[in-house]
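Subject: A structure to look through

Hello,

I am passing on a structure for you to look at, and below it I have written down what was found in it. Please keep the sequence and the 3D view open beside this message while you read.

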Amino acid sequence: MYRSLLVTSMFIVANFVVHPTWSDEPPHSDQASAVKWAIAIHGGASDPAEWNADQQAARRQGLTRALDVGRQMLSDNGAALDVVEAVIRTLEDDPLFNAGRGAVRTQAGRCELDSSIMDGHTRACGAIAGVTTVKNPISLARRVMSNTKHVLLAGKGAEQFAAQQQLELVDPDYFLSAIPAHAAGRGEGYLGTVGCVVRDTHGNLAAGTSTGGTDKKLPGRIGDSPIIGAGTYAANDTCAVSGTGVGEEYIRNSIAYDVAAQIRYAGKTLAQAVNQSMRETLKPNVGGLITVSAGGEIVLQHNTRGMSCGAADSSGRFDIYLQLPDGVMATQTVESAEVVVRRLLEEQLQAWNEGNIERFMHAYWQSPELTFSSGGEVTRGYDATLARYKQRYPDRQTMGKVNFEELEFLPLGVAAMQVQGVWQLQRAEPIGGRFTLVLRKFADGWKIVHDHTSVRNES
Ligand code: ASP
């Protein structure tokens with residue numbers, strides 16, 4: 001019966017090779033993601049060395065809170081635009097970020113806020129610039145998008161529109177009183193704009209950005225954040241983008257649109273396009289980008305010393321960073337659990353067909369949590385199971401050839417999967433039966449934690 005277990009795994013592998021529908025989808029292909037939703041946020045392209053440990057922790061907390069708002073909405077099938085607005089409102093209300101409450105001052109000592117939002121499905125967009133009394137500029141940008149025929153409103157007109165729309169207005173001191181750092185004035189070059197890009201479960205993309213602008217800017221200065229195509233862009237056929245950094249450079253180079261255009265017209269991947277914009281188009285030390293593709297791939301990149309940012313998706317990813325290694329974090333092509341598990345099985349099949357039991361076992365059994373049952377006997381742990389297999393299958397002849405049929409992949413949440421199927425082993429005395437595998441996703445990959453095999457026609 002042990003042999004049946006072994007057989008099971010090999011069969012699985014074999015199936016890759018022979019199953020007609022599988023040949024359409026090679027298990028080693030780099031096909032993009034099957035994530036249902038994905039979200040990335042940023043809180044400015046600052047150098048984390050500017051902050052002490054407590055400030056860094058507070059910043060991480062603020063990012064975590066905002067990302068969690070997005071994660072919850074997206075797992076409840078929330079719409080991309082709603083998520084972008086809600087996440088950015090959370091960051092605007094947090095005085096640690098240079099947007100909404102924590103906005104930096106102009107040379108005249110006031111706060112002038114800019115924001116924009118874009119719907120990748122319709123390419124509708126809205127933006128506001130230079131407002132001084134609107135508590136949540138991202139919501140005003142969305143109202144411009146939805147309730148006017150315009151894209152960008154600035155200054156007094158934007159404030160009047162906010163009042164008409166009955167959005168919450170505050171005294172300009174609301175922004176000035178947020179944190180002591182304001183009173184002291186932050187160092188030049190402080191960057192703490194916020195942004196959010198989303199791919200929702202309906203396949204729609206959206207992007208938004210909100211900022212107080214650059215510290216000690218001239219009154220009336222407007223940066224890239226409210227400029228569609230510079231600081232914000234979203235189109236379902238390409239990607240959603242939000243930028244942070246020296247806005248003038250983002251405007252000069254139409255950076256957000258530049259990324260999408262490379263994908264649309266030059267057929268680049270999101271990672272290639274972002275890299276081109278950040279490393280070739282922009283000069284060093286200018287800023288960063290958060291992006292998500294139509295398939296849910298997330299690419300984050302900065303050419304500054306750091307960028308406060310986070311990424312989450314339906315695979316269970318939830319990461320916060322203040323700085324990215326070499327300034328880049330691209331989701332490796334995201335693969336569904338089924339694709340990964342099928343590949344494991346294929347590796348195992350190859351090992352079996354080479355007569356290599358150790359490699360066969362290593363391919364997916366190497367979990368200390370493994371329990372293995374067959375014919376009433378139970379083995380616990382990798383070593384004990386390996387010893388059994390070696391004893392049972394001393395040579396290739398004993399091993400025979402496996403085949404696997406009727407495979408069913410039944411996800412158990414995002415980090416576990418049940419696989420069921422029928423196995424057949426061709427050898428001097430052919431045998432077969434049904435099997436059930438339970439796999440769990442560990443930090444180092446998917447492993448089988450339980451295997452049960454029944455034998456149909458063992459003599
Ligand atoms: N890009 C923003 C601006 O230039 C500033 C920032 O990202 O911190 O207004």
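Let us begin with Q166, which counts as exposed because it has 8 C-beta neighbours inside 10 Å; a residue is called buried if 20 or more other C-beta atoms lie within 10 Å of its own, exposed if 12 or fewer, and partly exposed in between, with the C-beta atoms placed from the backbone. Q166 is found in the loop between α6 (155–164) and α7 (173–176), and it has a positive phi of about 60° although it is not a glycine. Helices here are DSSP runs of H or I with at least four residues, and strands are runs of E with at least two, both numbered from the N terminus.

Before going further, please note that this is a predicted model, in which local features need pLDDT of at least 70 and side-chain atom pairs count only at pLDDT 80 or more, while totals for chains, interfaces and linings use all residues. Residues are numbered from 1 along each chain as its sequence is written.

R123 also has a positive phi, near 60°, in a residue other than glycine. R123 lies in the loop between β2 (113–119) and β3 (125–131), and because it has 13 C-beta neighbours inside 10 Å, it counts as partly exposed.

For the chain as a whole, there are 15 helices and 19 strands, and buried residues make up 51% of the 459 residues. Two residues are in contact if their C-beta atoms, placed from the backbone, lie within 7 Å; among contacts between residues at least 6 apart in sequence, 67% join residues at least 24 apart.

Next comes an open sheet of eight strands, in the order β4-β3-β2-β6-β5-β1-β11-β12 and with mixed pairing, where two strands pair if DSSP finds at least two bridges between them. At its edges stand β4 (152–154) and β12 (318–321), each with a single partner strand, so one side of each is left without a neighbour in the sheet. Strand β5 (residues 194–199) and strand β6 (residues 205–211) run antiparallel and are joined by six bridges, and R199 has L205 in β6 as its bridge partner. Helix α3 (residues 53–75) packs on the sheet, where it touches β1 (38–42), β5, β11 (309–313) and β12, and its direction makes about 155° with that of β1. Helix α5 packs on the sheet as well, touching β2, β3, β4 and β6, and its direction makes about 130° with that of β3. Such angles run from 0 to 180 degrees between N-to-C directions, and axes are lines fitted to C-alpha atoms, for helices over the stretch in contact.

Finally, which residues of α10 and α11 meet? I255, D258, V259, Q262 and I263 in α10 meet L270, A273, V274, Q276, S277 and T281 in α11. By class, this contact has six nonpolar, four polar and one charged residues, where Ala, Val, Leu, Ile, Met, Phe, Trp, Tyr, Cys and Pro count as nonpolar, Asp, Glu, Lys and Arg as charged, and the others, Gly among them, as polar. The axes of α10 (residues 255–266) and α11 (residues 270–281) come within 8 Å and cross at roughly 135°. The two helices are therefore oblique to each other, given that angles under 35 degrees count as roughly parallel, over 145 as roughly antiparallel, 65 to 115 as roughly perpendicular and the rest as oblique.

Best wishes
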